[in-house]
Amino acid sequence: GYAELKVEIANNETLRRQGLMYRRSLSFNKGMIFVFKKPKILRFWMKNTFIPLDIGFFDKNKVLTAIKTMKPNDLSIISSTIPVLYAIEVNKGWFNENKIEVGDKFYYIH
């Protein structure tokens, strides 16, 4: 699939820790990309996050390796199955609605 997504970049510990906490809404074609320095198993939870989200995990080549759904305020840990470099959070259903699937790639357009 193909879709354009406007993302906020969380590329340091403070921004990654804050994530999308405390927000009441997220426009449909907006999201947040979490960027790490080296590939690792990424772990997320939904503490103080009120929006149902899908998270896509991407490897160092920007290839989607998994998509998982996260429920508001759920304290269970959602993790990547393999070491990855990026995670993109979007509204629940965004990947499916845009026919984005495991194996697809993302590209930065500034």
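Good morning, colleagues. I begin with helix α1, where E13 and R17 both lie, 4 residues apart, or about one turn of the helix. The structure under discussion is a predicted model.

E13 and R16 are 3 residues apart in helix α1, so about one helical turn separates them. Taken together, E13, R16 and R17 are linked in a network of salt bridges.

How accessible are these side chains? E13 has a relative accessibility of 45% and therefore counts as partly exposed. R17, at 61% relative accessibility, counts as exposed.

How many salt bridges does the count come to? The count comes to 3 salt bridges. E8 lies in strand β1, residues 6–10, whereas R23 lies in the loop between α1 (13–18) and β2 (30–40), so the pair ties together parts that are 15 residues apart in sequence. E8 counts as partly exposed, at 36% relative accessibility. R23 is also partly exposed, with a relative accessible area of 26%.

I turn now to the strands. Which way do β4 and β5 pair? Strand β4, residues 53–58, pairs with β5 in the antiparallel sense, over 6 bridges. One of the residues to look for is G56, whose bridge partner in β5 is I67. The hairpin of β4 and β5 has 5 residues between the strands, and K62 in this hairpin takes a positive phi near 65°.

Beyond β5 there is a further loop to consider. I77 is found in the loop between β5 (64–70) and β6 (78–79). I77 also belongs to a nonpolar patch on the surface, which it forms with W45 and L75. The accessible area of W45, L75 and I77 together is about 320 Å².

To close, I would ask you to keep two features in view. One is the salt-bridge network of E13, R16 and R17. The other is the nonpolar surface patch of W45, L75 and I77. Thank you for your attention.

Technical notes. Residues numbered from 1 in each chain as written. Predicted model: local features only at pLDDT ≥ 70, side-chain atom pairs only at ≥ 80, totals over all residues. Heavy atoms only, no water. Patch = residues over 30% accessible without salt bridge, like charges linked within 9 Å, V, L, I, M, F, W, Y side chains within 5 Å. Areas by Shrake-Rupley, 256 points an atom, 1.4 Å probe, with all protein chains shown as cover. Salt bridge = Lys/Arg side-chain N within 4 Å of Asp/Glu carboxyl O. Helix = DSSP H or I, 4+ residues; strand = E, 2+ residues; numbered from the N terminus. Pairing = 2+ DSSP bridges. Buried < 20%, exposed > 50% of the residue type's maximum accessible area, 1.4 Å probe, protein only.
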